[in-house]
Amino acid sequence: MASTQAEADEEETAAAQLIAAVTAELLDDSDPHELADFIDRFKALAHPLRFAILYRLRDADGMSAKELSTLTGRSGNALHTHLDTLVEANLITNWKQTDPDRHQPYSYYAISGLGARLIDLAVASITHEKDVFEDYQ
């Protein structure tokens, strides 16, 4: 058991050293937690439904939660879990507005500047990969 724990410790040390080295190269010796923030944004973007939401918000002035529910076919927690993930990753912003007809607040969502840049990069990458793949068929 001791050798297994020692091996696990060595693996953990090697992984930590690699992460620290990559962080130093990419972020000028910044805190490794910052690298985790970047990766969390990519994880948020990598989910197909969240990607589609960002893609649609890219060309919209914003959408209410009700509009997003209709668009995605999701409601309640099933939708808000995805929206909360995008908000936490700073890819979208949200605020409350009051419905003038019913005087009830509702959530409104818009893509952030960071979200717009990331979705544009992702779309460019997808388009490029598609073109390269078509060239080899």
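In which helix is Phe42 found? Phe42 is found in helix α2, which covers residues 32-46. The legends below describe a predicted model, in which local features need pLDDT of at least 70 and side-chain atom pairs count only at pLDDT 80 or more, whereas totals for chains, interfaces and linings use all residues. Residues are numbered from 1 along each chain as its sequence is written, and side-chain values use heavy atoms, with hydrogens and water left out.

**Figure 1. Phe42 in helix α2.** Helices are DSSP runs of H or I with at least four residues, strands are DSSP runs of E with at least two, and both are numbered from the N terminus. Phe42 counts as partly exposed because its relative accessibility is 47%. In these legends, buried means under 20% relative accessible area, exposed means over 50%, and partly exposed lies in between (1.4 Å probe, protein chains only). The C-alpha atom of Phe42 is separated by 8.8 Å from that of Ala89, although the two residues are 47 residues apart along the chain.

**Figure 2. A patch of negative charge on the surface.** The residues gathered here are Glu7, Asp9, Glu10, Glu11 and Glu12. Patches are made of residues with over 30% relative accessible area and no salt bridge; like charges are joined within 9 Å, and nonpolar side chains (Val, Leu, Ile, Met, Phe, Trp, Tyr) within 5 Å. Lys and Arg count as positive and Asp and Glu as negative, while His and the chain ends are not counted. The place of a charge is taken as NZ of Lys, CZ of Arg, CG of Asp or CD of Glu. Glu10 belongs to helix α1, residues 2-27, and counts as exposed because its relative accessibility is 58%.

Figure 3. Accessible areas come from the Shrake-Rupley method with a 1.4 Å probe, and for residues only the protein chains shown count as cover. An α-helix has 3.6 residues a turn, so residues three or four places apart point the same way. Val22 is found in helix α1 and is partly exposed, because its relative accessible area is 31%.

**Figure 4. A salt-bridge network of Arg58, Asp59 and Asp120.** Side chains of opposite charge can pair when their charged atoms come close. A salt bridge is a side-chain nitrogen of Lys or Arg within 4 Å of a carboxyl oxygen of Asp or Glu, and by this rule the count comes to two salt bridges. Arg58 pairs with Asp59, with the closest N and O atoms 3.7 Å apart. Arg58 also forms a salt bridge with Asp120, where the closest N and O atoms are 3.1 Å apart. This second pair links distant parts of the chain, for Arg58 is in helix α3 (residues 48-58) and Asp120 is in helix α6, 62 residues apart. Shared partners join Arg58, Asp59 and Asp120 into one network. Asp59 counts as exposed because its relative accessibility is 61%. Arg58 is partly exposed at 25%, and Asp120 is partly exposed at 37%.

**Figure 5. Helix α6 and Phe133.** Helix α6 spans residues 113-135 and has 23 residues. From its first C-alpha to its last, helix α6 reaches 33 Å, close to the 33 Å expected at 1.5 Å a residue; the expected span is 1.5 Å times one less than the number of residues. The buried residues of α6 are Gly115, Leu118, Ile119, Ala122 and Val123. Phe133, in contrast, counts as exposed because its relative accessibility is 52%. The C-alpha atoms of Phe133 and Val123 are 15 Å apart, and the two residues are 10 residues apart along the chain.

**Figure 6. The loop residue Asn90.** Most residues other than glycine have a negative phi, and most peptide bonds are trans. Asn90 has a positive phi of about 65° although it is not a glycine. Asn90 lies in the loop between α5 (76-88) and β2 (92-98), and counts as partly exposed because its relative accessibility is 46%.
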